[in-house]
Amino acid sequence: VWYGHKDIRVEDVPEPKIKDNMVKIKVAYAGICGTDKHEYLGPNFIPAQKPHRLTGRTAPLIMGHEFTGEIVEIGPGVKGWKIGERVSASGSLVCGQCDYCQIGKYNICEKLGFNGVSDDGAFAEYIVVPSYQLIRIPDEVSLRDAVLAEPLACGIHASKLIGDLKGKRIVIVGTGMIAVSCLIAAKAKGAESILVIGRNSKKTNLIKKIGAEFISTKEIDVVTYVKEWSENKMADVVFECVGTDSTLDLSIKTAKNAGIIMVMGVFEKKPIIDMNLLQEGEKIIMTSQAYVDEMIEALEYIKQGIVPCEDVITSEIALEEIVEKGFEEMVTNSSNHIKIIVKIS
């Protein structure tokens with residue numbers, strides 16, 4: 001339960017009650033997201049004072065929005081689902097009525113919220129979610145591996161927004177879960193060559209396994225290297241997956257003229273941007289917010305063996321360990337991890 005800055009408590013709470021058009025799920029696994037880490041250090045999005053515009057909730061809130069489990073109870077009005085089905089959920093809480101929801105862009109709903117941020121989430125034995133969030137997990141995919149579908153969907157959605165990546169030169173700045181999701185998506189969509197840039201080389205083997213090259217900012221002048229790597233053409237697309245002034249600046253510098261910088265990182269403060277460098281090269285900044293229905297595609301990637309799940313899941317912990325071995329571990333030893341998951345049942 002999130003109470004405030006670096007104040008997450010593991011405690012007994014009442015079992016959530018079912019509501020109309022909602023289902024109750026017994027949670028099997030839940031992943032700790034980079035956004036969760038920001039909230040632990042933040043908050044950024046959890047409504048600490050003012051009630052959330054859609055849910056009306058304020059902290060304290062149970063965190064967690066990446067999860068898998070089985071349906072144990074179905075509320076009035078729910079159709080097409082049955083008890084015992086293995087599911088994940090999109091995580092987005094939406095109004096269903098605004099212009100964006102009406103055209104299927106519910107990821108930018110005017111009242112957008114998220115499980116674990118705007119209402120109680122999945123770091124608990126049970127979660128109650130609206131049925132529109134539900135996604136079936138294929139029989140061939142384990143509940144453990146399927147917990148990766150939610151963050152993987154973010155990279156898939158961003159790639160779709162950019163368009164055709166076939167034959168493109170791609171640079172990815174960052175080595176966390178979102179960077180890995182962009183790498184997997186770009187590779188699956190036919191990118192010609194992919195270069196991943198990070199601060200250390202601990203994840204080099206995974207990056208190579210997926211099919212990309214890695215360089216460390218500590219060892220190489222990145223801009224010079226990208227010039228050589230691209231035969232002086234620079235990158236067609238750069239995914240910025242960190243969220244700092246320096247990584248955004250690097251992303252702009254490594255993109256070619258008329259190239260695209262897809263900003264994926266969560267910024268804890270407003271960034272300073274070199275607008276002249278952007279304008280002179282007619283470089284394009286794009287942004288991506290979560291996903292729409294890409295979790296289905298992510299689960300298919302996992303089913304096909306495209307995702308090296310055992311390498312991406314770098315730690316599995318118990319719920320009682322979530323502060324010390326989860327949040328604090330991500331803060332102090334982030335270079336050792338891509339995805340820490342919590343085994344709940």
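Proline 60 sits in the loop between helix H1 (34-41) and strand E4 (66-74). Helices (H or I, at least four residues) and strands (E, at least two) are DSSP runs, numbered from the N terminus. A cis peptide bond, with omega of about 5°, links alanine 59 to proline 60.

The model is predicted: local features need pLDDT of at least 70, side-chain atom pairs count only at pLDDT 80 or more, and totals for chains, interfaces and linings use all residues. Residues are numbered from 1 along each chain as its sequence is written, and side-chain values use heavy atoms, with hydrogens and water left out.

Two non-glycine residues have positive phi. Asparagine 21 has a phi of about 60°. Asparagine 21 belongs to the loop between strand E2 (7-8) and strand E3 (22-32). Its relative accessible area of 41% makes asparagine 21 partly exposed; buried means under 20%, exposed over 50%, and partly exposed in between (1.4 Å probe, protein chains only). Alanine 258 has a phi of about 70°. Alanine 258 is part of strand E14 (residues 255-263) and is partly exposed at 45%.

The disulfide count is zero, a disulfide being a pair of cysteine sulfur atoms within 2.5 Å. Cysteine 101 takes part in none; the nearest cysteine sulfur, in cysteine 98, lies 3.7 Å away. Cysteine 101 is buried, at 14% relative accessibility. For cysteine 109, the closest cysteine sulfur is that of cysteine 95, at 3.6 Å, which is too far for a bond. Cysteine 109 is also buried, at 5% relative accessibility.

Tyrosine 100 lies in helix H2 (residues 99-102) and is partly exposed at 34%. Glutamate 320 occupies the loop between strand E16 (313-318) and helix H12 (322-332). Glutamate 320 is exposed, at 64%.

Threonine 204 is in helix H6 (residues 204-210) and is buried at 14% relative accessibility. Threonine 204 and lysine 6 are separated by 198 residues in sequence and by 31 Å in space, C-alpha to C-alpha.
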